[in-house]
Amino acid sequence: MDKKFYVTTPIYYVNDVPHIGHAYTTIVADVLARYYRQLLGEKSVFFLTGTDEHGAKVAQAAEAAKKKPKEFCDQVVSRFVKAWKELKISHDYFIRTTDPRHEKIVQRLLQKVYDNGYIYEGAYEGLYCVGCEKFLTETDLVNNKCPLHPNQKPIHQKEKNYFFKLSYFRKKIIKAIKDKSNPNHYEVLPEERRNEILGKLNQGLDDVSISRAGVEWGIPIPWDKKQTTYVWFDALLNYYTATQFLKDRNKFWPANLHLIGKDILWFHAVIWQAFLLAAGLPLPKKVFAHGFFTINDQKMSKSLGNVISPSDLVKIFGVDGSRYLMLSAFPFGTDGDISLEKFKTRYNADLANGLGNVVARVAKLCENSGLEFETTKTRGAIYSKELQEAFENFRFDDVLQNLWNTRLHAIDKLIDHHSPWLIEDKNELQKVLQEEVDELREFATKLKPFLPKTAEKIEKQFKGPKIKTGRLLFPRLK
Ligand code: MSP
């Protein structure tokens with residue numbers, strides 16, 4: 001295992017209102033960051049998230065709000081900052097691409113790649129989708145529209161652009177993905193996404209435009225100030241720039257893991273890696289693209305009015321409830337469907353009746369006994385091989401299931417088995433209850449990455465020497 005862990009989320013478009021799609025990726029990054037902090041120590045983990053603030057899409061949103069782009073970004077960025085605070089996201093840094101320190105390094109890297117001979121001048125003619133901030137090919141179109149943004153007409157564009165020689169890197173990229181002994185080896189996960197990428201790479205690779213003549217809101221191209229950097233070549237670089245402009249973070253490059261949704265896999269698994277090769281920088285070790293969820297079998301979209309915000313969820317299920325429900329709903333990596341009804345059923349079963357009940361049961365027995373318990377000895381988290389493997393293979397639903405089905409049920413069974421209410425001998429009762437308390441404390445440690453607030457509450461309640469009943473952890477929902 002690497003001695004450090006650097007995990008990133010996509011940087012979200014700042015003009016978006018945070019929704020649970022954004023929250024999904026961010027919660028998973030948070031779970032992993034917390035898990036690796038337990039294993040490797042706080043200082044060995046770096047968790048980065050942030051916002052993507054340049055480009056036509058943001059400029060248009062600013063114009064609609066009658067604001068200057070930067071002023072607009074400064075105002076709306078707080079929506080993401082607040083959302084992550086509310087969800088107890090423990091990122092070490094929140095990067096904004098309008099940060100001058102980021103902009104400077106982007107220019108430096110572009111210049112380097114230009115000097116290395118991988119950027120040339122050309123003309124671009126074709127269709128562009130502002131919603132995706134992406135050039136479209138014939139095969140992308142459905143009824144002459146971008147399938148992801150059917151309400152926006154793709155724009156026909158013809159302009160002078162600078163191009164990145166992506167095609168030159170095709171074979172190198174294929175080798176880096178396939179060959180584990182290649183010094184640039186990186187993994188694209190899950191397996192079917194890797195195959196998808198390799199299949200696409202086998203079909204050939206076109207060069208990509210890295211600059212825009214018609215978009216003012218962007219980082220100027222260092223050798224031609226009339227053009228700005230294509231927003232993706234500004235955004236992707238955030239993963240690297242943060243490690244360079246922040247103090248003592250450069251040891252974290254290359255990243256161990258880029259967590260993304262499947263919609264932006266090509267940018268991360270191919271274009272980003274090729275750019276790093278062109279700049280002579282080490283490549284990240286893993287890119288994991290998770291699936292998308294639908295809500296009641298429908299795509300989540302503004303026009304359908306079914307967008308759920310993180311705070312909508314938190315209001316009903318609480319912070320930890322929301323985190324638990326999102327991660328246990330379906331395997332990470334696949335597509336899945338969620339619904340508030342299903343969430344309610346699961347909340348009542350696993351959290352109110354399951355975890356909440358066991359905690360209340362043990363606390364009550366301890367309180368009734370009038371005994372005093374050993375105070376918690378601080379010790380690190382110990383995960384079984386099975387659990388570590390599940391964590392490291394992104395099987396978060398399995399980790400949770402394992403914790404609930406084996407550990408939590410075991411505590412419940414232990415209580416039934418001991419029947420402490422029938423034990424009259426104080427020493428015997430002490431021994432039996434102490435065992436249950438210890439089990440619960442250990443369970444709380446393993447719960448920390450997923451349900452940080454709850455784990456903290458359990459630790460506090462069962463710290464000893466006196467243990468008392470507390471407030472219900474998860475009140476039942478009607
Ligand atoms: N700004 C770019 C990313 C640049 S990264 C260098 C971008 N931003 S975004 O705001 O559109 O966020 C996209 C990400 O949001 C997806 O990759 C995914 O992580 C998450 N999701 C958005 N909708 C989602 C679902 N319905 N389901 C699951 N995740 C979703 O693209």
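Q: Which residues of H12 meet Val 31, Leu 32, Tyr 35, Tyr 36 and Leu 39 in H1, and what makes this a contact?
A: The partners in H12 are Gln 388, Phe 391 and Glu 392, and the word contact applies because it stands for heavy atoms within 4.5 Å. The model is predicted, so local features need pLDDT of at least 70 and side-chain atom pairs count only at pLDDT 80 or more, while totals for chains, interfaces and linings use all residues. Residues are numbered from 1 along each chain as its sequence is written, and side-chain values use heavy atoms, with hydrogens and water left out.

Q: Why is H1 called oblique to H12?
A: Helix H1 (residues 20-40) and helix H12 (residues 385-392) pack at about 140°, with their axes 11 Å apart. Angles under 35 degrees count as roughly parallel, over 145 as roughly antiparallel, 65 to 115 as roughly perpendicular and the rest as oblique, and H1 is therefore oblique to H12. The angle runs from 0 to 180 degrees between N-to-C directions, and the axes are lines fitted to C-alpha atoms over the stretch in contact.

Q: What is the relation of H14 and H15 to each other?
A: Helix H14 (residues 426-447) and helix H15 (residues 452-461) pack at about 155°, with axes 8 Å apart, and they are therefore roughly antiparallel. The contact joins Leu 440, Ala 444, Thr 445 and Leu 447 of H14 to Pro 452, Thr 454, Ala 455, Ile 458 and Glu 459 of H15, and these residues divide into six nonpolar, two polar and one charged.

Q: What makes H6 oblique to H9?
A: The axes of H6 and helix H9 (residues 265-279) come within 11 Å and cross at roughly 60°, and that makes H6 oblique to H9. Arg 193, Ile 197, Lys 200 and Leu 201 of H6 are in contact with Leu 265, Trp 266, Ala 269 and Val 270 of H9, a set with six nonpolar, no polar and two charged residues.

Q: Which residues that surround the ligand are the closest?
A: The closest are Ile 11, Thr 25, Asp 52, Gly 261 and Asp 263, among 22 residues that surround the ligand, each with a heavy atom within 4 Å of it.

Q: Where is Pro 190 found, and is the peptide bond from Leu 189 to Pro 190 cis or trans?
A: Pro 190 is in the loop between strand S8 (187-189) and helix H6 (191-202), and its bond from Leu 189 is cis, with omega near -10°. The bond from Trp 253 to Pro 254 is cis, with omega near 5°, and Pro 254 lies in the loop between helix H8 (238-245) and strand S13 (257-261).

Note on methods:
Helices (H or I, at least four residues) and strands (E, at least two) are DSSP runs, numbered from the N terminus. Ala, Val, Leu, Ile, Met, Phe, Trp, Tyr, Cys and Pro count as nonpolar, Asp, Glu, Lys and Arg as charged, and the others, Gly among them, as polar.
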